[in-house]
Amino acid sequence: MNAHTDMAAGPMQEIPDKLYFRIGDVARLAGIKPYVLRFWETEFPSLGPKKSGAGHRLYRRKDVEMVFEIKRLLYEKRFTIEGARKFLETRGKTEPGRSAAKSSRRKKTQGDLFGVDPAPVLENVRKELRAIADILK
């Protein structure tokens, strides 16, 4: 499939059939500025273009698709950067044998609703509160 599509937003820019894309190409395709791509590289570990011998960023097709997904999460779904990062991390950790249909039927949790699993955050808060309580004793 040559076009990246999103059912809610309609078809997005078609991704040409190339092995590598330069940062300007990806910025034009996604409709964002190159500095935004460079910032996203620092915030999303899954977005990691290769570097050429001259130091130019070379994005693969999967990187371009990831850029489209990040843009959709941030601009359309209104996720925070941290929420989008955690959403992408947890999406990549789904069980290999689990189908999308089974996954969509499971009960929604707070993490699904807000893009962040609250359990690790709450555990850190508890530990910090215990430490403060111990200091105050």
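This passage walks through a few local features of the structure above.

The model is a predicted one, so local features need pLDDT of at least 70 and side-chain atom pairs count only at pLDDT 80 or more, while totals for chains, interfaces and linings use all residues. Residues are numbered from 1 along each chain as its sequence is written, and side-chain values use heavy atoms, with hydrogens and water left out.

Let's start with the rings. The structure holds 2 aromatic pairs (rings of Phe, Tyr and Trp, the last by its six-membered ring, with centres within 6.5 Å; planes under 30 degrees apart are stacked, over 60 edge-to-face, the rest tilted). Tryptophan 40 and tyrosine 75 have ring centres 6.2 Å apart and planes at 65°, so this pair is edge-to-face. Tryptophan 40 sits in helix H2 (residues 34-43) and tyrosine 75 in helix H3, so the pair ties together parts that are 35 residues apart in sequence. Helices here are DSSP runs of H or I with at least four residues, numbered from the N terminus. Tryptophan 40 is buried, at 3% relative accessible area, whereas tyrosine 75 is partly exposed at 42% (buried means under 20%, exposed over 50%, partly exposed in between, with a 1.4 Å probe and protein chains only). Phenylalanine 79 and phenylalanine 87 also pair edge-to-face, at 5.5 Å centre to centre and 65° between the planes. Phenylalanine 79 counts as buried at 19% relative accessibility, and phenylalanine 87 as partly exposed at 27%.

Next come two arginines. Arginine 78 is in the loop between helix H3 (61-76) and helix H4 (81-92). Its phi is near 65°, a positive value in a residue other than glycine, and arginine 78 is exposed, with a relative accessible area of 66%. Arginine 85, for its part, is in helix H4. A polar atom of the arginine 85 side chain lies 2.6 Å from the backbone oxygen of glutamate 43. Leaving aside residues up to four places away in sequence, arginine 85 touches Glu43, Phe44 and Pro45 (contact means heavy atoms within 4.5 Å).

Finally, the surface. Val121, Val125, Leu129, Ile132, Ile135 and Leu136 make a nonpolar surface patch of about 610 Å². Patch members have over 30% relative accessible area and no salt bridge, and nonpolar side chains (Val, Leu, Ile, Met, Phe, Trp, Tyr) are joined within 5 Å, like charges within 9 Å. A salt bridge is a side-chain nitrogen of Lys or Arg within 4 Å of a carboxyl oxygen of Asp or Glu. Valine 125 belongs to helix H7 (residues 118-136) and is partly exposed at 39% relative accessibility.

Methods:
Areas by Shrake-Rupley, 256 points an atom, 1.4 Å probe, with all protein chains shown as cover. Polar contact = N/O pair within 3.5 Å; in protein donor to acceptor, adjacent residues only side chain to side chain.
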